[in-house]
Amino acid sequence: DLAIYDPYYCQGGVIKRLAAAGFPNVYNKNEDFYAVIRESRVPKHDVLLTNPAYSGDHIVRLVNFCCKQVPQAANGKDGCPWMLLLPNYVYTKAWFKKLMSVKGEIPLFLCPKGKRYQYESLYEAEA
């Protein structure tokens with residue numbers, strides 16, 4: 001099974017939602033992502049998939065991790081893809097452009113067509 005790593009726990013609903021979509025192998029624990037990085041405890045995974053907090057420097061730190069780290073994937077290969085739900089302004093930032101130029105790859109952007117993406121609270125979704 002595809003090993004998915006979501007480093008931002010929030011309320012923990014991602015495990016149930018991804019399992020219902022056919023992805024039962026998800027690592028999403030209530031732990032400090034930055035401590036996990038510092039302590040070299042990043043779990044082996046095939047893809048990093050997350051929706052980070054938009055406050056503070058979470059987005060910058062996450063994208064930096066994704067671009068500069070070359071974790072060994074669960075399948076034994078070096079590196080893994082990452083999929084992040086981010087505000088559309090991120091691609092216009094100088095730090096983002098610099099990281100992408102260092103990485104030497106052009107990211108693929110997917111955007112909802114026709115109307116704005118609406119977030120749903122976990123509490124509202126399960127009510």
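Visitor: Is Ser40 buried or exposed?
Guide: This is a predicted model, in which local features need pLDDT of at least 70, side-chain atom pairs count only at pLDDT 80 or more, and totals for chains, interfaces and linings use all residues. Residues are numbered from 1 along each chain as its sequence is written, and side-chain values use heavy atoms, with hydrogens and water left out. Buried means under 20% relative accessible area, exposed over 50%, and partly exposed in between (1.4 Å probe, protein chains only). Ser40 has a relative accessible area of 67%, so Ser40 is exposed.

Visitor: Where is Ser40 placed?
Guide: Helices (H or I, at least four residues) and strands (E, at least two) are DSSP runs, numbered from the N terminus. Ser40 has a positive phi, near 55°, and is not a glycine. Its place is the loop between helix H2 (33-38) and strand S3 (47-50).

Visitor: What value is phi of Cys10 near?
Guide: Cys10 lies in the loop between strand S1 (4-5) and helix H1 (13-20). Its relative accessibility is 68%, so Cys10 counts as exposed. Cys10 is a residue other than glycine, yet its phi is positive, near 55°.

Visitor: Read along the sequence, what pattern does the chain follow?
Guide: The chain has five helices and four strands. In sequence order they give β-α-β-α-β-α-β-α-α.

Visitor: Among contacts between residues at least 6 apart in sequence, what percentage join residues at least 24 apart?
Guide: Contact means heavy atoms within 4.5 Å. Buried residues make up 28% of the 127 residues in the chain. Of the contacts between residues at least 6 apart, the percentage joining residues at least 24 apart is 63%.

Visitor: How many salt bridges does the count come to?
Guide: Side chains of opposite charge can pair when their charged atoms come close. A salt bridge is a side-chain nitrogen of Lys or Arg within 4 Å of a carboxyl oxygen of Asp or Glu. By this rule the count of salt bridges is three.

Visitor: Which residues are linked in a network of salt bridges?
Guide: The closest N and O atoms are 2.7 Å apart in the salt bridge of Glu39 with Arg41, and 3.8 Å apart in that of Arg41 with Glu31. Arg41 is in the loop between H2 and S3 and Glu31 in the loop between strand S2 (26-27) and H2, so their pair ties together parts that are ten residues apart in sequence. Arg41 is partly exposed at 39% relative accessibility, as is Glu39 at 47%, and Glu31 is partly exposed at 23%. The network links Glu31, Glu39 and Arg41.

Visitor: Over the ring of which residue does the charged end of Arg61 sit?
Guide: Arg61 forms a salt bridge with Asp57, the closest N and O atoms being 3.9 Å apart. Arg61 is partly exposed at 33%, and Asp57 is partly exposed at 40%. A charge sits over a ring if NZ of Lys or CZ of Arg is within 6 Å of the ring centre and within 35 degrees of the ring normal. Here the charged end of Arg61 is 3.6 Å from the centre of the ring of Tyr34.

Visitor: How many aromatic pairs does a search of the whole structure find?
Guide: Rings of Phe, Tyr and Trp (its six-membered ring) pair if their centres lie within 6.5 Å; planes under 30 degrees apart count as stacked, over 60 as edge-to-face and the rest as tilted. The number of aromatic pairs found in the whole structure is nine.

Visitor: What is the distance, centre to centre, between Phe33 and Phe65?
Guide: These two form an aromatic pair with 85° between the planes, which is edge-to-face, and the centres are 5.3 Å apart. The pair links distant parts of the chain, with Phe33 in helix H2 and Phe65 in helix H3 (residues 58-68), 32 residues apart. Phe33 is buried at 3% relative accessible area, and Phe65 is buried at 7%. The centre to centre distance is thus 5.3 Å.

Visitor: Which residues do ring pairs link into a cluster?
Guide: Phe33 and Phe65, the edge-to-face pair, are among the cluster members. The cluster joined by ring pairs consists of Tyr5, Tyr8, Tyr27, Phe33, Tyr34 and Phe65.

Visitor: Which residues make the nonpolar surface patch?
Guide: Patches are made of residues with over 30% relative accessible area and no salt bridge: like charges are joined within 9 Å, nonpolar side chains (Val, Leu, Ile, Met, Phe, Trp, Tyr) within 5 Å. Accessible areas come from the Shrake-Rupley method with a 1.4 Å probe; for residues, only the protein chains shown count as cover. The patch has an area of about 240 Å² and is made by Tyr54, Leu85 and Tyr89.
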